[in-house]
Amino acid sequence: MISKTKLPGFYKKFDVVSVFIENAGEILLLLRQDHKPQGNTWGMPAGKVKHGEALLDALVREVREEIGLRIYRQECKYSEGYYVRYTDYDFLYHVYHLFVPEKPTLNINMNEHKDYRWVKPVEALKLDLIQDEDFVVKWCYGV
């Protein structure tokens, strides 16, 4: 379950950062490896924030680790935070946007992901997305 407002009894276990990397109306999605939680689903570059780590520092680190792309804090625009409840835990999901003038060369971390695609947000909704990612795409892009 995902919500823009705090859920009853919400107890945050951790924070997750993610980013819509966008070029010419298309967003970058990554296909999770089968052995990962919710394997074989599509999602944005994302990951858990380490204890004591600033959100933007975590975002920069995760993007570098997952796709080999060096991004800078000041380029990332905060979009919105969401309250997420899974069966076993709650977390805050922080979504950013990064507009790139051209599609960068990516070096996918094959331990975490097995493919990537650039798609229009409406096309993303036709893919098997990670849990609740469809709501985030709809809320952020109005599709």
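Predicted model: local features only at pLDDT ≥ 70, side-chain atom pairs only at ≥ 80, totals over all residues.
**View 1. The largest pocket and the elements that line it.** The largest pocket has a volume of about 670 Å³, and its lining is made up of 28 residues. Val-16, Arg-32, Ala-46, Gly-47 and Ile-130 are the lining residues that lie nearest the centre of this pocket. Two or more lining residues are given by each of β2 (12-23), β3 (26-32), β5 (46-48), α1 (55-67), β7 (90-99) and α3 (133-141), and the largest share, three residues, comes from β5. By residue class, the lining of the largest pocket divides into 15 nonpolar, five polar and eight charged residues.

**View 2. Phe-14 and its ring partners Tyr-89 and Phe-91.** The structure holds eleven aromatic pairs. In one of them, the ring centres of Phe-14 and Tyr-89 are 5.3 Å apart and the planes meet at 45°, so this pair counts as tilted. The pair joins distant parts of the chain, since Phe-14 belongs to strand β2 whereas Tyr-89 is in the loop between β6 (77-85) and β7, 75 residues apart. Phe-14 counts as buried at 14% relative accessibility, while Tyr-89, at 28%, counts as partly exposed. Phe-14 also pairs with Phe-91, and here the rings are stacked, with 5.3 Å from centre to centre and 15° between the planes. This second pair likewise links distant parts of the chain, with Phe-14 in strand β2 and Phe-91 in strand β7, 77 residues apart. Phe-91 is buried, its relative accessible area being 6%.

**View 3. The aromatic cluster and two lysines placed over rings.** Ring pairs link Phe-14, Tyr-86, Tyr-89, Phe-91 and Tyr-93 into a cluster. Over the ring of Phe-14, a member of this cluster, sits the charged end of Lys-48, at 4.5 Å from the ring centre. In the other lysine contact shown, Lys-138 lies over the face of Phe-135, at 5.8 Å from the centre of that ring.

**View 4. Cys-76 and Cys-140, which are not in a disulfide.** The count of disulfides comes to zero. The cysteine sulfur closest to that of Cys-76 belongs to Cys-140 and is 14 Å away, which is too far for a bond, because a disulfide requires a pair of cysteine sulfur atoms within 2.5 Å. Seen from Cys-140, the nearest cysteine sulfur is that of Cys-76, and Cys-140 is in no disulfide. Cys-76 counts as buried, at 8% relative accessibility, whereas Cys-140 is partly exposed, with a relative accessible area of 21%.

Definitions and conventions
Residues numbered from 1 in each chain as written. Heavy atoms only, no water. 1 Å grid on protein atoms, 1.4 Å probe; cavity = no way out; pocket = protein on both sides within 12 Å on 5 of 7 lines; lining within 4 Å. Points joined across faces, edges and corners; volume = space filled by probe spheres on them. Helix = DSSP H or I, 4+ residues; strand = E, 2+ residues; numbered from the N terminus. Nonpolar A, V, L, I, M, F, W, Y, C, P; charged D, E, K, R; others polar. Buried < 20%, exposed > 50% of the residue type's maximum accessible area, 1.4 Å probe, protein only. Phe/Tyr/Trp six-rings, centres within 6.5 Å; stacked < 30°, edge-to-face > 60°. Lys NZ or Arg CZ within 6 Å of the ring centre and 35° of its normal.
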